[in-house]
Amino acid sequence: MLPSTRSSARRLPTLVRSLTTDSTTHIPNSPPPPPKTETAKIRPSRLYPRPRPAVKNQRQSLPILPPSFGRNQLLPVSNSTRALLEDIVSSFEAPIRYAFAYGSGVFEQAGYEKQKGKDDGPMLDFVFAVTHTDHWHSINMHQFPGHYPLHARALGSSFVSKVQEFGPGLWFNTFVPMHGVTIKYGVTTVDTLCADLLNWRTLYLAGRMHKPIRIIKDDARVRLTQQVNLTSALRTALLTLPAEFTQRELFAAIAGISYAGDPRMVLPAENRGKVANMVARQEGQFRELYWRLAQGLPGVRWRVDSVAVEQDTSAHARAAHLKKLPEGLLSRVHTRAEGRGPPREADESAYWLRLAGDEQLPSMLHSEMSKIVRYPATVQSLKGVVSAGLTKSTRYAVAKVGKYWKGSSSSASS
């Protein structure tokens, strides 16, 4: 286990106490659930793990979470979509501890509607978190050899797991036909996932999970660290926003965190209007993720029946958010603050107030988040040639360029 992972594990009991007291108590009536998209009889889920019976003398790695903890993360989808996602994940024989689906194939986005008479919908995107990658890829390569390029099959699962470790720690198999649709799935470890959710080490996985996802297979440790990740995203966005703003502006600030510094947003490799398209069609899901969490933050006023948000922008209130940012971002802010005033050791209280009251803090946060994202996003893009092979990676790049030009033309016409 990596040192950062061990330190993250030691913090988990404290995080449980803070999140279950700060974010789940004294909350007004929660927003009404989104309308059901289908009236068909709901099929019982096969993949959500049921509570396991207690085992005597078994050491608990995590404190027991309240039954309602993290309920904001359980975003509904149509019954047919849920059945399809669960069927796909259950097809894998290799053990998956945590799985989620994301993107326009799961939640609707503007600009991704199917054209009449065509069934070429968007690719379904998945992330699988596993325990031992070498073992997992060995089983999966035996079951689905066609998911891997020829050179990966020849070099074996050890090669795949080594390549996976570079950058943000994922291996993607793309353009995979399953159950009548085309999917892309990334494989990572639970340790890598949780470390990024807590510390924003690369913001690759954490940034993806700032946005609506559909959890298919759940895990208590991931759910806990994801709640920390969502709260961190909310605090960071608040530090970049004025005293009054709309919930759509808040969601755009949150969704934009993972795209800051992403080379695909500079090169013709991604839809420039992706954030706006996502927020426009997924505003209800974003609200479900963040509304309850906002009720537990001091100085934030966001009524259940309102899309307007107000916050206390005093130095004291902003310092409270600043102190609790993920270490991967906060350490960079400390480095930037050196030489801009008395050192932190001289008077820590004055240091935080000065830093929180700095007018350059929003731009400082944007700059440092861009630096966190840039390197791992670049490495992951280059890894695509190795993990997908030349033919599939070229096909994927062409599809992304098409989205880029579509987004550019949409922006020009609006």
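In which sense, left-handed or right-handed, does helix α6 pass helix α8? In this predicted model, the crossing of α6 with α8 is left-handed. The axes of α6, which spans residues 190-199, and α8, which spans residues 220-239, come within 8 Å and cross at roughly 25 degrees. Because angles under 35 degrees count as roughly parallel, α6 is described as roughly parallel to α8. On the α6 side, the contact is formed by Val-190, Asp-191, Leu-193, Cys-194, Leu-197 and Leu-198, which meet Arg-221, Val-222, Thr-225, Gln-226, Val-228 and Asn-229 of α8. Sorted by class, the residues of this contact comprise seven nonpolar, three polar and two charged.

The largest nonpolar core contains 94 residues, and the residues with the most contacts inside this core are Phe-126, Trp-136 and Leu-250. When residues up to four places away in sequence are not counted, Phe-126 touches, among others, Leu-85, Ile-88 and Val-89, together with Phe-100, Ala-101 and Tyr-102. The contacts of Phe-126 also include Phe-172, Ile-183, Lys-184, Tyr-185, Gly-186 and Ile-216.

Ser-90 lies in helix α2, which covers residues 79-90, and is partly exposed, with a relative accessible area of 38%. Although Ser-90 and Lys-217 are 127 residues apart in sequence, their C-alpha atoms are 9.6 Å apart in space.

In helix α13, formed by residues 327-337, the buried positions are Gly-328, Leu-329, Leu-330, Val-333, His-334 and Ala-337. This helix is followed by Gly-339, for which phi is positive, near 85 degrees.

Technical notes: Residues numbered from 1 in each chain as written. Predicted model: local features only at pLDDT ≥ 70, side-chain atom pairs only at ≥ 80, totals over all residues. Heavy atoms only, no water. Buried < 20%, exposed > 50% of the residue type's maximum accessible area, 1.4 Å probe, protein only. Helix = DSSP H or I, 4+ residues; strand = E, 2+ residues; numbered from the N terminus. Axes fitted to C-alpha atoms, helices over the stretch in contact; angles between N-to-C directions. Parallel < 35°, antiparallel > 145°, perpendicular 65-115°, else oblique. Left-handed = near helix turned anticlockwise from the far one by under 90°. Contact = heavy atoms within 4.5 Å. Nonpolar A, V, L, I, M, F, W, Y, C, P; charged D, E, K, R; others polar. Core = buried A, V, L, I, M, F, W, Y, C linked by side-chain atoms within 4.5 Å.
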